[in-house]
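Here is a quick walk through this protein, written for someone who would rather look at residues than read tables. Keep the model open while you read.

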Amino acid sequence: MTISTTTGLARYYAGHRPVLTVAEPELLKNIMIRDFNSFTDRNFELLIDPVLNRNVAQASGDDWKRLRQIISPAFSSGRMKRMYPSIRECLRDFTAHLDAYARDGRPMNAKEMFGNFTMDVVATCAFATKTNIHNDPNNPVTTTVKPEGLQYFNDLMSNIITTRKEMPDSSAKYSDFLQLLMDARNDRVAAHESAITDESGTGSLKPSAPTPAVPHKQMSDDEVRANTFVILMSAYETTATTLTIAMYELALQPRLQERLYAELKAAMDADGEIDYDTLQALTYLDQVVSETLRLHPPGIRATRLATQDYKLGDTGIVIRKGQQVDIPTYAIHHSPENYPDPYRYDPDRFSPANRGKIKPYTYA
Ligand code: HEM
């Protein structure tokens with residue numbers, strides 16, 4: 001399949017089903033933002049189990065809107081800020097572990113270590129469970145992202161949910177993701193969130209769709225488990241891979257590594273800590289992460305299903321209800337029309353001076 005350089009479109013068949021690939025920025029704007037209501041559904045099949053399938057990433061229609069409305073506040077900057085001390089604690093464990101490797105001059109398996117760090121952060125933020133994973137790599141929490149760990153995950157969640165239900169003040173005690181969902185189930189989410197959510201309350205969860213306007217509804221116990229699970233799954237591989245690849249790219253260009261090191265060093269306080277607000281203002285760190293995700297996007301394409309017949313701009317194409325549209329993230333990020341010399345790792349593409357030159361809707 002080749003994407004036409006003039007139209008930014010391509011067509012292929014998935015079995016007998018026609019799929020339209022759209023890489024043209026203006027058309028993408030329409031599909032992802034302007035006419036988003038015609039494309040709320042996705043073709044995202046994770047073959048897990050029937051209960052855990054009931055998560056926001058696999059839901060469609062009003063079900064997706066309801067789940068998304070409940071989940072979005074988990075990613076507000078207010079909540080992130082509250083979780084930051086726990087994340088720092090995970091980071092301290094991780095760097096202590098790395099120090100030991102550095103002292104002994106031992107080689108390290110970067111992907112495994114960043115995977116462990118990510119798992120530690122996610123388990124802490126999602127369901128307040130400390131893994132001690134660096135010293136205990138066989139901790140059963142590590143299996144929760146593997147097929148053989150599903151039973152363990154289900155049992156663990158059931159135990160935690162039961163314990164918290166019996167606790168009179170679990171809402172006040174926990175600010176993790178699981179508690180947010182449990183409060184939603186108890187229909188207490190609005191009151192609980194208003195105390196801690198930032199002004200937008202929508203956070204950075206992708207895709208950046210309009211906040212769904214559906215009445216608040218409750219979540220079932222199964223949905224609480226399914227959506228805690230999807231957070232674990234969505235966060236783990238994406239983050240661990242991105243951290244690993246960023247380290248690799250910086251190792252290839254020590255000059256860039258030095259520049260990042262200098263920025264981080266200058267931002268540290270007397271105890272060697274970087275507070276949440278200072279972290280947000282680190283421009284070069286942001287550039288490095290943005291360029292890593294451009295060159296190596298963990299999701300190489302996204303899919304949408306038309307929820308009604310849809311006329312695609314002035315292309316003369318009508319996308320039929322139920323038809324799949326692909327958004328080829330990897331191809332868009334590697335097109336020389338969007339990014340000159342696209343295979344070169346260059347964080348300065350995202351510098352404050354250059355960022356404005358990036359074509360809208362060419363970066364996911
Ligand atoms: C480098 C890190 C990450 C990348 C590149 C990434 C990328 C994405 C993308 C592109 C989507 C949209 C998929 C689509 O609509 O087809 C998505 C959805 C999602 N991500 Fe991430 N993600 C990352 C980390 C995380 C983390 C840390 C979490 C949770 C803590 C998370 C939770 C989710 C969830 C729940 C969805 C589904 C949202 C919905 O269906 O409305 N992701 N992510």
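## A look around T242

T242 touches T292, L293 and P298, leaving aside residues up to four places away in sequence. T242 sits in helix α9, and with a relative accessibility of 15% it counts as buried, because the cut-off for that is under 20%. Keep in mind that this is a predicted model.

## The overall picture

Zooming out, the protein chain has 14 helices and 6 strands. Of its 364 residues, 46% are buried. The accessible surface comes to about 18,800 Å², and 55% of that belongs to carbon and sulfur atoms. Among contacts with a separation of 6 or more, 67% are between residues 24 or more positions apart.

Which residues touch the most other members of the largest nonpolar core? They are F127, F177, L178 and L181, out of 38 residues in that core. Helices α2 (61-71), α4 (110-127), α5 (150-166), α7 (177-185) and α9 (221-252) each supply at least two of the core residues. As a rule, nonpolar side chains in soluble globular proteins tend to be buried together.

L27 brings us to helix α1 (residues 25-34), where the buried residues are P25, L27, L28, N30 and I31. These pack against β1 (9-14), β2 (17-22), β4 (310-312), β6 (324-327) and α13 (329-333). The N-terminal end of α1 is capped by E24, which has a side-chain oxygen 3.2 Å from the backbone nitrogen of E26.

## Charged pairs

The structure holds 22 salt bridges.

| Salt bridge | Closest N and O atoms |
|---|---|
| D93 and K130 | 3.2 Å |
| D120 and K130 | 2.8 Å |
| R349 and E291 | 3.0 Å |

K130 turns up in two of these rows, pairing with D93 and with D120. The D120 pair links helix α4 to the loop between α4 and α5, where K130 lies, 10 residues apart. Is D120 buried or exposed? At 1% relative accessibility, D120 counts as buried, whereas K130 is partly exposed at 37%. D93 is partly exposed too, at 34%.

R349 and E291 are both buried. R54, D222 and R225, meanwhile, are linked in a network of salt bridges. In general, side chains of opposite charge can pair when their charged atoms come close.

## Out on the surface

I300, Y330 and Y343 make a nonpolar surface patch of about 350 Å². Y343 lies in the loop between α13 and α14 (352-355). Its relative accessible area is 56%, so Y343 counts as exposed, the cut-off being over 50%.

Last stop is Q257 in helix α10 (residues 254-267). Q257 is partly exposed, with a relative accessible area of 39%. Not counting residues up to four places away in sequence, Q257 touches L250 and A251. The C-alpha atoms of Q257 and V288 are separated by 9.5 Å, while the two residues are 31 residues apart along the chain.

Technical notes:
Residues are numbered from 1 along each chain as its sequence is written. This is a predicted model: local features need pLDDT of at least 70, side-chain atom pairs count only at pLDDT 80 or more; totals for chains, interfaces and linings use all residues. Side-chain values use heavy atoms; hydrogens and water are left out. Buried means under 20% relative accessible area, exposed over 50%, partly exposed in between (1.4 Å probe, protein chains only). Helices (H or I, at least four residues) and strands (E, at least two) are DSSP runs, numbered from the N terminus. Contact means heavy atoms within 4.5 Å. A polar contact is a pair of N or O atoms within 3.5 Å; within protein, one must be able to donate a hydrogen and the other to accept it, and residues adjacent in sequence count only if both atoms are side-chain atoms. A nonpolar core is a set of buried Ala, Val, Leu, Ile, Met, Phe, Trp, Tyr and Cys residues joined through side-chain atoms within 4.5 Å. Patches are made of residues with over 30% relative accessible area and no salt bridge: like charges are joined within 9 Å, nonpolar side chains (Val, Leu, Ile, Met, Phe, Trp, Tyr) within 5 Å. Accessible areas come from the Shrake-Rupley method with a 1.4 Å probe; for residues, only the protein chains shown count as cover. A salt bridge is a side-chain nitrogen of Lys or Arg within 4 Å of a carboxyl oxygen of Asp or Glu.
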